[in-house]
Amino acid sequence: MSYFSTLAPAYAEIFLLVMACIILIVDLFVADRQKSATYLLVQLTLVGLALITVYTYQPGIAHLFKNMFVDDLMSDVLKMLSYISVSMILVYSRSYLLARGLFTGEFMVLTLFALLGMMVMISASHFLSMYIGLELMSLSLYAMVALQRDSAVATEAAMKYFILGALASGLLLYGMSMLYGATGTLDVNAVAAAIKHGVANPNLLVFGLVFVVAGLAFKLGAVPFHMWVPDVYQGAPTSVVMLIGSATKLAAFAFVMRLLVDGLQQLMIHWSGMLVILAVLSMAVGNISAIAQTNFKRMLAYSSIAHMGFFLLGVLSGGIDGYGASMFYIVIYALMSLGAFGMITMLSREGYEADTLDAFKGLNQRSPWLAFMMLLLMFSMAGVPPTAGFYAKFSVLEAIINTGHIEIAIIAVLFSLIGAYYYLRIVKLMYFDAPESHEPIRIQPDSGLLISFNGLAVLALGIMPGWLMTVCAMAVQKSLLLH
Amino acid sequence: MIFGFPLLSVAIWLPIFFGVLVLATGHDRNAPIARMIALVGAVLGFLVTLPLYTGFDKMISAMQFEEMYVWIPHFNINYHLGIDGISVLFILLNSFFTPLVVLAGWKVIEKRVAQYMAAFLIMSGIVNGVFASLDAMLFYVFWEAMLIPMFLIIGVWGGANRVYAAVKFFLYTLLGSLLMLIAFIYLYRQSGVVLGTGSFSILDYHALPIPRVEQILIFIAFFMAFAVKVPMFPVHTWLPDAHVEAPTGGSVVLAAIMLKVGAYGFLRFSMPIAPDASHELAWVMITLSLIAVVYIGLVALMQSDMKKLVAYSSISHMGFVTLGFFIFNAYGIEGGLLQMISHGFVSGAMFLGIGVMYDRVHSRQIADYGGVAHKMPVFAAFFVLFAMANSGLPGTSGFVGEFLVIMGAVKVNFWYALLAATTLIFGAAYTLWMVKRVFFGAISNEHVAHLSDITLREKIIFSILAVCVLGMGVYPLPFGEMMHASVNNLIVHLGNSKL
């Protein structure tokens, strides 16, 4: 009993693992027509997870499993947000998946395993647990991208994702092994201590750091390691892209924080220089390439590359300000990207994928409310107040200017000006153009409610962003050990 | 604050609330209801701003009707509102125009009526927010939010080339504002160094010492934002496009209100925050202003499209305003402010007049008209009055501001005044020549022959504007006395170096 209660910080992960296995078995006995039962079970699991995370909340930082696992405010906040995003993804994709015959137990169980991987990533404070979390998430995602077996595009996307993802994991592992060689430990905090006390070989450390940063950049999809992003976004089923584009970014944020800040803070002078290049290139390539796209999902892929560039600016600014700003940025980005992909699933029908820009033509005449929600999401992505996206950009810019690098801030705003053009084009298509088809848009009540919530949340957070900023700043302040 | 009642918040949020209400009527089936709600909202929105005039203390230069609540504690950003003699008249002007715009679009707008009316109401609230904000971030949020309804107004209800105009308008103004945002964040950081805690309060910025080079950079960043909006000479090219393609209401709001926020920005931000840079770069501003007055005046002469002509005339008149500001004396600044108010009335009236003709003939080309006065005598009388005001005839509002600015310019440099005074010739030339070709002479074609005179609704709109134009021209004191204290305070402030 006493041992069991010491596991409290990890109850959520344990519960999820058990539930995922149970659902896997239960699903075998559920007829194909009654997959809603599995769906409900998954949603209940997510509610259970949220309750567990709330009830096991404790102030302070708890380490578990010989420092492999850490539970702090940042991990709690990010996990809660991950549950919410996964739950939203399932609501958005239910009818989309049903229409494509993908509404299966496999999809839902794989989603849960991917979530488990993310949770492990969020709470990992050891190279081993980090890697296990990352691989659990990635493997589930590879399978999910390939779920649509009869689609050549999806298979190609899965293949690319898998090969490049494996390469990235290899790079990351190689870098970690060098850090291990230099410091003699895999524990993130011990690595930090070893570097601080100068017992590690600095050349080996920096060499390892290069590989680690390259691996991270691959996973985040930052230029020049971004090649997989557009193909995967375009090829994979929208529900899976939604997961890749929102929840995994939250986990990636925690991963970056644990690795670069908790572990390698002493090497900041090295990694922040690398991140500047990654960030500026990402903003440039992402924003400029997005203009040329005619496929909406591909455009969002380039937009995500550009957003990751902006996000990295917050990380490289450092300090509570910078990390808080990047956390705020990633949370807002996840919310916007859920809405944008959610919109695709709502406009899609059986045998019709609304993934071209033309699908948005004249949306204001077909459904003014959906068009208005999309308008909010697009202006938010472009960073125009009064939407949440503006404050995300603002807080990152504030952090970067605080470090004295006004020139980077000017580059960032110039690229976001270029970015504004292609978001504006969506608004133009919806409001200024005539619709291509007058097919009525059939919206399920649950997803209709959710998209309204999503769009209005972007507006509400734009009018009242203060509390979320404070939460993010507190989470970072209470969780990261800024040496 | 009288009665402790949050007048400014009401002036901002009441139109926005009614805008949402109008939006809720939805489909074009409910267009009559949408129109009624919009009119009620616009009129109420104007009425609630009247106490700002009556309750305003003309003797003091400090901010009045202040409201302050914590908004984003993480960055020390507050919901801080207040007005002084410089901003109060613009809130009134803006709220005054909203009902007129609603009335002007009453019959003409037939598709998506609710969205049209809502866009104008929401915009009206946002613009009041721009003028009333005393917190730089609050100002910035309103400033940028203004773009969204205007983008839709031009893009959805505009003319043939509307998409190009809308996108150009949006991107041009966004570029300027983003650099302003960087300037604000820099000032936040600088205020953290000087005051201990970072601040976004505009009044704190006014007192903040800033080194010379930084002042110049800040001035340039602000210049990018405000000069685009004014618009000043090299960055004015979006305006003729936007004006020509916008629906009548959009043109009116652009000319009467939107152009004013740029000039207001110079007075509220550029000059008091970077006074040394303002003095140092005044020659640039004066040169650009004079180019606008003379060169754009000549460009206006060549236009064959009436809306384009008035658009260029606006740029030329706004050149007068910025000239007045950057000669740094009371005549100049007050003259510039009065010119802004007058230009609001006159250009608004001109665009409404062109809208009246466009609704009937569906052409903006001067060549398509001729002899309109024979068929529309009442309308012609009104239009000629506004045209006279546009060319600065004494006794109309157009004269007051121009006269004061020229007086101020003479005190600084005779040649400035001489060049500025050419506007009285060019202005008269392009305006009256257009009037001659459109209204007088023989009836030129079928369309004109079938014209009918303006309706009661249109007569009401034009009568109100005519009263304003004549009233301000004959007795400008009620406008001028509001701003004396604040303008004098600004001039004293500008005299002190911040280095």
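Mentor: A salt bridge is a side-chain nitrogen of Lys or Arg within 4 Å of a carboxyl oxygen of Asp or Glu; between chain A and chain B the count is 0. The model is predicted: local features need pLDDT of at least 70 and side-chain atom pairs count only at pLDDT 80 or more, whereas totals for chains, interfaces and linings use all residues. Residues are numbered from 1 along each chain as its sequence is written, chains are lettered from A in the order in which they are written, and side-chain values use heavy atoms, with hydrogens and water left out.

Contact (heavy atoms within 4.5 Å) joins 41 residues of chain A to 35 residues of chain B. The two chains bury about 3,300 Å² between them, 82% of it on carbon and sulfur atoms; buried area is the accessible area (1.4 Å probe) lost on putting two parts together, summed over both. In chain A, the residues that lose the most area to chain B are A:Phe394, A:Leu417 and A:Phe432, together 20% of what that side buries.

The side of chain A that touches chain B divides into 28 nonpolar, 10 polar and 3 charged residues. Here Ala, Val, Leu, Ile, Met, Phe, Trp, Tyr, Cys and Pro count as nonpolar, Asp, Glu, Lys and Arg as charged, and the others, Gly among them, as polar.
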